[in-house]
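Take a walk through this structure, one region at a time.

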Amino acid sequence: MSLRVRSHAPDASGVVLDITPESAGWRYVGFRVVRLTPGQTYDGTEPGREACLVILSGTINATAGQERFTGLGARADVFDGPATSVYVPAGTPYRMEAGSIAEIAICTAPSTGKGRPRVIRPEDVGLETRGQGTNTRFARNILDDKAEAESLLVVEVSTPGGHWSSYPPHKHDRDAYPEETFLEETYYHRLSPRQGFAFQRVYTDDRSIDETVAVEDGDVVMVPRGYHPVGTPHGYNLYYLNVMAGPRRNWVFANDPAHEWIVRSPSQPTQTPGE
């Protein structure tokens, strides 16, 4: 099975992409994208799974259980600053109503239903610059491992054209905390301009997985395990939304030893690579 999943035209409910643990062949991460026209609604419930509704573009009103949140979202597109998101505890019915043409990512992971519905506003998102030179990229931490949630980790990353990201290659596929944690992961890619492309490689030490994917706007790359660097050509800015989950809600990664020198070189300051 290919690690790339492509978007399609919206179905009757607005879904353009839907990855479940069953379809992915793993245990934790679920990822869905819906595109809604003005006034269109989407209703959902995620039994046994918490959800983070990330407004990729446009505006919506949302309800989650007894809570109602209005006038959410302000971005023209995913490159337009941090997202507005809604956290929904497991088993809580939710509804999204589009106030304009809107695209929303629904990120899910196993949960017992703790917590409360809440809005994560742009000012609540932690901003971080990672790397240096042509390894520089800009992270927006929506749900990091210190935020209130049970399994989900959600982050947006913007990578300028001609740069590398998730680099040097790193992995998080061993349940060996505090040295490393096991986390499944999806990358939802968007490009500007939209006709662009980028490249992502997913590979393991033993090369039981070794796949290099040419990604286009709206593609998802699934990372069940292994290293997973991504690069975007000159002229095309790359955005991706990362969703991670596993048996422990900590993000602890290990660099590929063959490429560790990139961040250990005496001529360069120590970097934190990350996604």
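Leaving aside neighbours within four places in sequence, W251 is in contact (heavy atoms within 4.5 Å) with R130, D145, L153, H170, H172, T181, L183, M244, G274 and E275. The model is predicted: local features need pLDDT of at least 70, side-chain atom pairs count only at pLDDT 80 or more, and totals for chains, interfaces and linings use all residues. Residues are numbered from 1 along each chain as its sequence is written, and side-chain values use heavy atoms, without hydrogens and water.

W251 sits in the loop between strand 24 (237-245) and strand 25 (254-255). Strands here are DSSP runs of E, at least two residues, numbered from the N terminus. Is W251 buried, partly exposed or exposed? W251 counts as partly exposed because its relative accessibility is 22%; buried means under 20% relative accessible area, exposed over 50%, and partly exposed in between (1.4 Å probe, protein chains only).

Now turn to the nonpolar cores. Such a core is a set of buried Ala, Val, Leu, Ile, Met, Phe, Trp, Tyr and Cys residues joined through side-chain atoms within 4.5 Å. The largest has 31 residues, and F31 is among those with the most contacts inside it. Strand 24 gives the most to this core: four residues. A second, separate core has 21 residues, including V15 and M96.

Last, a hairpin. Strand 20 (197-203) and strand 21 (210-216) run antiparallel, joined by seven bridges; strands pair if DSSP finds at least two bridges between them. V202 stands opposite E211. Six residues lie between the two strands, and R207 in the turn has a positive phi of about 60°.
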